[in-house]
Amino acid sequence: MKYEIQGDNLPVVICDLEAGESMITEGGSMAWMSPNMKMETSGGGFGKALGRLFSGESLFQNVYTAQGGPGVIAFASKFPGAIKAVEITPDKPIVVQKSSFLAATRGVDVSIFFQKKMRAGFFGGEGFIMQRISGRGLVFLEIDGSAVDYELTAGQQIVVASGNLAMMDETCSMDVQAIAGIKNVLFGGEGLFNTVIEGPGCITLQTMPLSSFAELIARYIPTDNSSN
């Protein structure tokens, strides 16, 4: 399978498949495809389907297969940002924010991931549940805004505003750090907690979390309190 990511702030990944090759995706992600792409909807078993539901995905996935020859299929981002391609191997699963999965080759599994530290789950900005992507193959992730990568050595930490963590290797750990000082909490505009990521492993940060974007737009939506 060959692919090309096109577009700027509203990207799309265009995949060229050989006959018999398949891609899996969530419903509504397919933008266009050649006529010989056949779609089948699959739950992958009750346990996997339920895990996807709790991790922010739908119960079912669509499988597109090129039949009778090479095929083309494109998957578009649902939000202004970037599409990141990540190679998954059995010894290197990744952990991502909820609903970041866009598409993948067959052999990649999307499941639920619980934070090991309870306080990180509740105050870390991505909720108690994240997604674990494992198996073998290529996965395409949706990044909110632009993506910035860091490689952390063992014990190296980085402090991230809540919601700006898009992806990390499963070898990394996540915790939260309370913002010091009552004046900083009340007037600093940064909330109560920051997220602390510790290596070893690679992390991807995003510049415009969807939650921050929604809050910004909400400021400009007039509230109509009038009654008919």
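# Why do we call it that?

Trainee: Why is Glu 170 called partly exposed?

Mentor: Glu 170 has a relative accessibility of 28%. Buried means under 20% relative accessible area, exposed means over 50%, and partly exposed is in between, using a 1.4 Å probe and protein chains only. So 28% lands in the partly exposed class. Keep in mind that this is a predicted model, where local features need pLDDT of at least 70, side-chain atom pairs count only at pLDDT 80 or more, and totals for chains, interfaces and linings use all residues. Residues are numbered from 1 along each chain as its sequence is written, and side-chain values use heavy atoms, with hydrogens and water left out.

Trainee: What makes Arg 132 and Glu 170 a salt bridge?

Mentor: The term asks for a side-chain nitrogen of Lys or Arg within 4 Å of a carboxyl oxygen of Asp or Glu. Arg 132 and Glu 170 come to 2.7 Å, N to O, so they pass. Arg 132 is in strand β12 (residues 129-135) and Glu 170 in the loop between β16 (165-169) and β17 (173-178), so the pair ties together parts 38 residues apart in sequence. Strands here are DSSP runs of E, at least two residues long, numbered from the N terminus. Arg 132, at 25%, is partly exposed too.

Trainee: How many salt bridges are there in the whole structure?

Mentor: Four. Among them is Lys 84 with Asp 149, at 3.0 Å from N to O. That pair links distant parts of the chain, from β8 (residues 81-88) to β14 (residues 147-152), 65 residues apart.

Trainee: Which class does Lys 84 fall in, and which does Asp 149?

Mentor: Lys 84 is at 18%, so it counts as buried. Asp 149, at 41%, is partly exposed.

Trainee: Why does the pair Lys 38 and Glu 40 count as a salt bridge?

Mentor: Their closest N and O atoms are 3.5 Å apart, so they meet the cut-off. Lys 38 is partly exposed at 38%, and Glu 40 is partly exposed at 43%.

Trainee: What makes Asn 164 buried?

Mentor: Its relative accessibility is 18%, so the buried label applies. Asn 164 is in the loop between β15 (157-161) and β16. A polar atom of its side chain lies 2.6 Å from the backbone oxygen of Gln 206. Apart from neighbours within four places in sequence, Asn 164 is in contact (heavy atoms within 4.5 Å) with residues including Thr 204, Leu 205 and Pro 209.

Trainee: How do you know that strands β3 and β6 pair?

Mentor: Pairing needs at least two bridges found by DSSP. Strand β3 (residues 22-25) and strand β6 (residues 61-66) have four, in the antiparallel sense, so they qualify. Met 23 stands opposite Tyr 64 in β6. Both strands belong to an open sheet of six, in the order β5-β6-β3-β10-β13-β8, with antiparallel pairing.

Trainee: Why are β5 and β8 called edge strands?

Mentor: β5 (37-42) and β8 each pair on one side only.

Trainee: Where is Gly 107, and which class is it in?

Mentor: Gly 107 is in the loop between β10 (101-105) and β11 (108-114). At 43%, Gly 107 is partly exposed. Leaving aside neighbours within four places in sequence, Gly 107 is in contact with Ser 134, Gly 135 and Arg 136. The C-alpha atoms of Gly 107 and Ser 22 are separated by 9.8 Å, while the two residues are 85 residues apart along the chain.

Methods. Polar contact = N/O pair within 3.5 Å; in protein donor to acceptor, adjacent residues only side chain to side chain.
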